[in-house]
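Dear colleague,

I am handing over the structure we spoke of, with the sequence and coordinates placed just below.

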Amino acid sequence: MALTKEQIRAHIFLVILDKFSSSTEQRQQALSEYFLVTMPNISGEAADKLAGLIPTLMPDLYKKWIDLFVIRLFATIPEEQIQHLCDGSVENNAALGLVFLMFMESERMEEQTEKDLRQYALEHSGDADLGDLVAAYLRGKVAALAEQVRPGLVQ
């Protein structure tokens with residue numbers, strides 16, 4: 001039975017979000033550690049405060065970026081192949097994750113994520129530089145996920 005475009009969108013969204021999500025506590029700890037390493041003059045308290053700002057922004061921005069990804073998929077891949085990718089198998093979920101990571105690593109999306117993060121930071125904290133910090137963290141997260149996903153597909 002073929003999925004509707006909305007069902008495909010929902011499936012891809014859940015698969016991709018699962019790859020990026022972790023508990024709020026784990027996310028805040030990872031961010032805090034990242035800030036402490038990359039910003040040697042920042043206090044632990046300040047790093048924790050910065051980390052606390054980030055979990056609230058990610059779902060909205062991930063949704064935007066995943067929507068851009070799905071639009072690109074429908075524009076470049078025949079729907080029959082997208083249907084196959086959305087069969088729920090471990091292999092195809094991994095393939096979706098890999099294709100999304102490649103999409104996020106594209107020059108266009110790197111520019112888009114930095115723009116979005118700077119805008120978000122400016123709107124919510126009045127400091128666009130916070131967006132640069134988050135963008136750097138996100139690039140590291142994408143690179144780490146790429147390392148996890150790619151070796152699994154090569155085996």
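**Confidence and overall make-up**

Among the elements of the protein chain, helix 5 has the highest mean pLDDT (93), whereas helix 8, residues 129-154, has the lowest (63); pLDDT is the predictor's confidence in each residue, from 0 to 100, and helices (H or I, at least four residues) and strands (E, at least two) are DSSP runs numbered from the N terminus. Over the protein chain the average pLDDT is 77, and 66% of the residues score at least 70. Please bear in mind that this is a predicted model, in which local features need pLDDT of at least 70 and side-chain atom pairs count only at pLDDT 80 or more, while totals for chains, interfaces and linings use all residues. Residues are numbered from 1 along each chain as its sequence is written, and side-chain values use heavy atoms, with hydrogens and water left out.

The secondary structure comes to 8 helices and 0 strands. Of the 155 residues of the protein chain, 37% count as buried, where buried means under 20% relative accessible area, exposed over 50% and partly exposed in between (1.4 Å probe, protein chains only). Among contacts (heavy atoms within 4.5 Å) between residues at least 6 apart in sequence, 72% join residues at least 24 apart.

**Two buried polar residues**

H11 is found in helix 1 and is buried, with a relative accessible area of 19%. The side chain of H11 makes a polar contact with the side chain of N93 at 3.3 Å; such a contact is a pair of N or O atoms within 3.5 Å, of which, within protein, one must be able to donate a hydrogen and the other to accept it, and residues adjacent in sequence count only if both atoms are side-chain atoms. Leaving aside residues up to four places away in sequence, H11 touches L85, C86, G88, N93 and L96.

N92 lies in helix 6, residues 90-104, and counts as buried because its relative accessibility is 11%. With the same exclusion of residues up to four places away in sequence, N92 touches H84, L85 and D87.

With best regards
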